[in-house]
Amino acid sequence: QVQVVESGGGLVQPGGSLTLSCTISGIIFSNYVVAWYYQAPGQVREVVASITGRGTPTYVDHVKGRFTISRDNGKNTVYLQMNSLKIEDTAVYYCHAFYIESYWGQGIQVTVST
């Protein structure tokens with residue numbers, strides 16, 4: 001049984017930092033590309049960053065230089081380090097693993113507010 005567990009969300013002030021974690025069990029983790037998506041209220045779900053099994057990252061333009069995606073294949077975990085957070089980063093963040101199959105986490109709230 002595949003489990004996707006996200007953690008690390010919460011409330012932070014503008015300019016602050018958070019690190020999200022996504023741990024996935026039940027798959028050959030290193031085979032999977034893992035991505036973080038975000039979905040703001042009333043908006044479509046959009047990709048933020050992704051990382052290949054070998055660790056090659058990609059980012060959407062508006063987070064480049066602020067967010068860093070990384071992975072530890074020994075721990076079956078992908079991280080999203082988010083710095084210089086902005087109010088517009090407020091959203092539910094989802095972890096998504098895909099290779100032959102596709103798996104989503106339940107989502108985790110990130111709120112950037114004064």
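Modeller: Cysteine 22 and cysteine 95 are joined by a disulfide, S to S 1.9 Å. This is a predicted model, where local features need pLDDT of at least 70, side-chain atom pairs count only at pLDDT 80 or more, and totals for chains, interfaces and linings use all residues. Residues are numbered from 1 along each chain as its sequence is written, and side-chain values use heavy atoms, leaving out hydrogens and water.

Colleague: What makes cysteine 22 and cysteine 95 a disulfide?
Modeller: A disulfide is a pair of cysteine sulfur atoms within 2.5 Å, and 1.9 Å meets that. The search of the whole structure finds 1 disulfide. Cysteine 22 sits in strand 3 and cysteine 95 in strand 9, 73 residues apart; strands are DSSP runs of E, at least two residues, numbered from the N terminus.

Colleague: Why is the disulfide of cysteine 22 and cysteine 95 called left-handed?
Modeller: Because its torsion about the S-S bond is about -80°.

Colleague: Why does valine 110 count as buried?
Modeller: Buried means under 20% relative accessible area (1.4 Å probe, protein chains only). Valine 110 has 0% relative accessibility, so it counts as buried. Cysteine 22 and cysteine 95 are buried too.

Colleague: Which residues does valine 110 touch, leaving out those up to four places away in sequence?
Modeller: With contact meaning heavy atoms within 4.5 Å, they are Gly9, Gly10, Leu18, Leu20, Met82, Asp89, Thr90, Ala91 and Tyr93. Valine 110 lies in strand 11, residues 108–112.

Technical notes
Helix = DSSP H or I, 4+ residues; strand = E, 2+ residues; numbered from the N terminus. Buried < 20%, exposed > 50% of the residue type's maximum accessible area, 1.4 Å probe, protein only.
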